Amino acid sequence: MNWPLCLLAGFAGTLVLTTLEAGAQQLHMTRMSIPFLLGTMLTPDRDRAKLYGLLAHLVNGQVFALFYVALFHATGGGGVVRGARVGLLHAAVLLLVVVPILPSIHPRMASLHQGPVGTRLIEPPGPLALHYGFTTPLMVVVSHAIFGAVVGGLFPFS
Amino acid sequence: MSAEIGDYGIVGDCRSAALISRGGSCDWLCWPRFDSPSIFAAILDDEKGGRFLVAPAVPFHSSQEWLGETNVLVTRFTTAGASLTLTDFMPVQDDEDTRRFLLPEHELVRVLRCERGEVEVEIVFDPRPDYGRARPRIESLGKLGLRVPVRGGGLLTLLTDAALGVSGRARVRLRAGERLTFSLGFADEDAAVLPPPGSRCIEVLERTATVWRAWAARTLYDGPHRAEVVRSALLLKLLQYAPSGAIVAAPTTSLPERPGGELNWDYRFCWLRDAALTSRALFGLGHVEEAEHFTIWLLTATTLSLPRLNVLYDLFGRKPGFERVLPHLSGHGGARPVRIGNGARDQVQLDTYGEVIEAAAHVVRRGRTPDRSTAEMLIGFGLQIARGWHLPDAGIWEVRGAGSNFVHSRVLCWAGLQRLIELYEKRYLPRSAPIDVFVRERDRIHQQVETLGFSALLQSYTRTLGGADVDASLLLLPWYGYCKADSPRMLGTWRRIQERLGAGNGLLHRYIGPLTEGEGAFGICSFWAAEFLALGGGSLEEAEERFESLLRCATGLGLYGEEIDPVTLKPMGNFPQAYTHVGLINAALSLRERARRGAGDTERRPPPLEARE
């Protein structure tokens with residue numbers, strides 16, 4: 001495996017994904033900020049949380065890129081289209097599996113059943129993360145498809 | 001019906017502000033910033049504006065006060081059988097608590113406590129975002145509270161221990177010792193933070209009060225009327241937009257300057273015309289951090305429009321939006337139209353150059369040396385003055401239409417050049433500065449003002465060159481060091497201003513003209529008069545007497561609007577007005593200085609610059 005290229009693909013993909021998410025947030029299309037959600041797992045300080053969360057998000061991107069590349073190797077190659085498909089699958093897992101259990105794993109997220117208690121104050125994402133804005137699922141799908149396309153594009157061959 | 005202007009108190013968090021009436025109704029709230037569209041605007045339209053009311057459901061008497069030296073507002077209700085207190089505030093916390101506690105992006109906390117007896121309480125939660133143009137649906141998420149999606153991606157949340165449903169209306173019975181808490185939040189960036197009601201609100205109240213008390217305690221003022229001066233300082237701090245340092249003139253739009261009239265403007269911007277006065281007020285009270293933050297904003301904002309200076313800027317130093325009318329709102333007391341944006345954005349106001357240079361000089365007096373780019377920028381302003389001081393402009397009062405040759409504008413051009421010359425002589429400007437141009441043009445301005453700007457007939461400086469009217473802004477001439485307050489020409493001007501612009505109770509109109517008919521006395525002009533007397537235009541006793549009579553024109557909470565009704569002494573126009581409070585602080589500082597130096601020895605304005613080492 002070409003490790004430098006693998007790391008570059010992860011970095012490039014995550015950068016594009018993060019930029020898309022931040023852009024959507026600043027255009028008020030969604031209030032879902034992955035850096036904020038990741039960072040508040042570590043600290044209640046809003047500003048620091050965003051910084052820590054961004055770093056964690058970049059690391060996550062590298063890790064996911066490795067999974068993508070492993071999948072490309074196992075299935076006979078990458079490419080933009082194949083990468084985008086894997087990204088779509090990734091987004092589906094996020095929205096359908098991870099988002100519903102987020103209140104259980106995030107130490108500062110409130111749950112619908114218990115409401116805000118103690119330090120668990122952050123609004124839960126709700127089904128398909130719709131609580132963070134109606135276009136949030138669309139943004140998750142599009143940004144992850146592009147993440148996959150970037151990673152796949154840098155790994156056209158196995 | 002919405003309350004009178006003077007019956008409102010204010011709470012804020014240095015990002016946004018809410019006006020709470022003596023009747024317990026939050027009738028004005030803009031989120032996320034001072035200049036954002038409103039969430040509640042009942043102050044501008046009782047029916048369509050939206051409000052958040054928490055008050056006894058039976059007839060009551062009420063009064064408002066501050067929780068000591070804080071921006072926490074306490075409204076006391078008394079009914080036939082009960083008494084209640086409503087405490088309103090926007091949470092603020094110090095750096096240490098910011099690291100420990102996660103707060104909503106924006107929050108208004110309301111705590112209602114029944115102190116005695118038993119009473120039914122009415123709650124009306126009726127948000128109408130976007131200046132009442134939206135009538136959103138209130139959704140309930142059970143224990144996660146009520147939520148109201150706002151067009152543009154924001155989310156309004158309300159968590160309360162009151163039984164309040166999606167209708168937004170409820171009646172709750174309270175007995176002595178019981179309380180209701182409300183946490184109204186707004187998120188427009190990240191996932192909302194949903195603070196639980198109850199004891200957490202009390203903890204946040206204590207932290208907020210501690211922060212405000214600590215800030216107020218840093219006010220270095222030991223002169224008379226400290227309470228009023230500290231209140232003014234607290235208001236300035238509340239109106240200073242923390243992320244940039246800009247200070248909004250007022251947190252409201254279109255509160256009428258003339259009852260039922262059309263003099264209704266949006267004041268949620270920062271004007272350069274009072275920059276030097278604001279800078280001096282903050283420095284004078286020892287709030288160096290706020291003063292420097294404001295001046296840095298000033299210099300950064302003006303960089304964006306170099307070499308031209310705009311009359312006003314928004315919170316981030318940009319040109320404000322175009323002036324627009326909101327025809328669906330009936331206006332406060334029926335005063336239409338309600339406007340947003342400000343038409344003065346395209347005016348030319350020559351005095352702004354002198355204001356910005358003078359504000360920068362205040363920073364230098366505090367021991368800071370301007371860096372090369374700032375020095376070059378100041379020189380650029382000087383060249384702009386040299387090129388354009390002889391042209392007509394809209395003047396300090398932003399008179400619409402063709403410009404005039406205002407004496408005040410000329411003198412501010414003189415002050416700008418004079419200050420640059422002083423900065424040069426004290427080695428704060430590079431030797432390459434075109435100092436001969438500045439000296440030549442300064443002297444030409446002086447000659448013009450002394451010949452055309454003074455009327456031998458009136459024995460007074462005049463509003464415009466060759467004119468026969470006076471203007472209260474002429475009282476600032478000694479403040480900028482143009483002449484001494486006790487010079488014969490200034491004493492003559494003062495006599496004429498009193499005669500023509502005096503409104504009783506120590507109040508002054510700004511000038512008399514077609515546009516000012518029916519408007520009130522101008523708050524800041526009245527304080528300029530007190531300061532003029534303190535600077536030597538009168539005796540110390542005269543200055544104190546005038547200052548004290550002006551203090552009696554404040555609302556019960558010690559707040560001032562832009563104008564004051566000379567008959568009823570009620571505030572008029574946008575409220576509360578930062579610049580009127582700037583006038584109060586500066587007058588108090590000059591009074592203190594006069595008292596320290598002794599009645600016969602007047603303060604030198606502006607203070608001298610130290611030579612650069």
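Predicted model: local features only at pLDDT ≥ 70, side-chain atom pairs only at ≥ 80, totals over all residues.
**Whole chain.** Begin by selecting chain B and displaying its C-alpha trace. The C-alpha atoms fill a box of roughly 75 × 50 × 45 Å along the principal axes. The radius of gyration of chain B is 25 Å, which agrees with the value near 25 Å for a compact globule because that value applies to a chain of 613 residues. In a cartoon view, chain B shows 13 helices and 25 strands.

**Surface and interior.** Next, display the surface of chain B. The accessible surface comes to about 21,400 Å², and carbon and sulfur atoms account for 50% of that area. Of the 613 residues, 66% count as buried. Among contacts in chain B with a separation of 6 or more, 68% are between residues 24 or more positions apart.

**Strand 13.** Now select residues 169–175 of chain B, which form strand 13, and show the side chains. In a regular strand, side chains alternate between the two faces of the sheet. Which residues of strand 13 lie on the covered face, and which on the uncovered one? The covered face carries B:Ala170, B:Val172 and B:Leu174. The uncovered face carries B:Arg169, B:Arg171, B:Arg173 and B:Arg175.

**The neighbouring pairing.** To find one of the bridge partners, select B:Val124, whose partner in strand 13 is B:Arg169.

Technical notes
Residues numbered from 1 in each chain as written. Chains lettered and ligands numbered in written order. Heavy atoms only, no water. Helix = DSSP H or I, 4+ residues; strand = E, 2+ residues; numbered from the N terminus. Rg over C-alpha atoms; globule rule 2.2 N^0.38 Å. Buried < 20%, exposed > 50% of the residue type's maximum accessible area, 1.4 Å probe, protein only. Contact = heavy atoms within 4.5 Å. Areas by Shrake-Rupley, 256 points an atom, 1.4 Å probe, with all protein chains shown as cover. Pairing = 2+ DSSP bridges.
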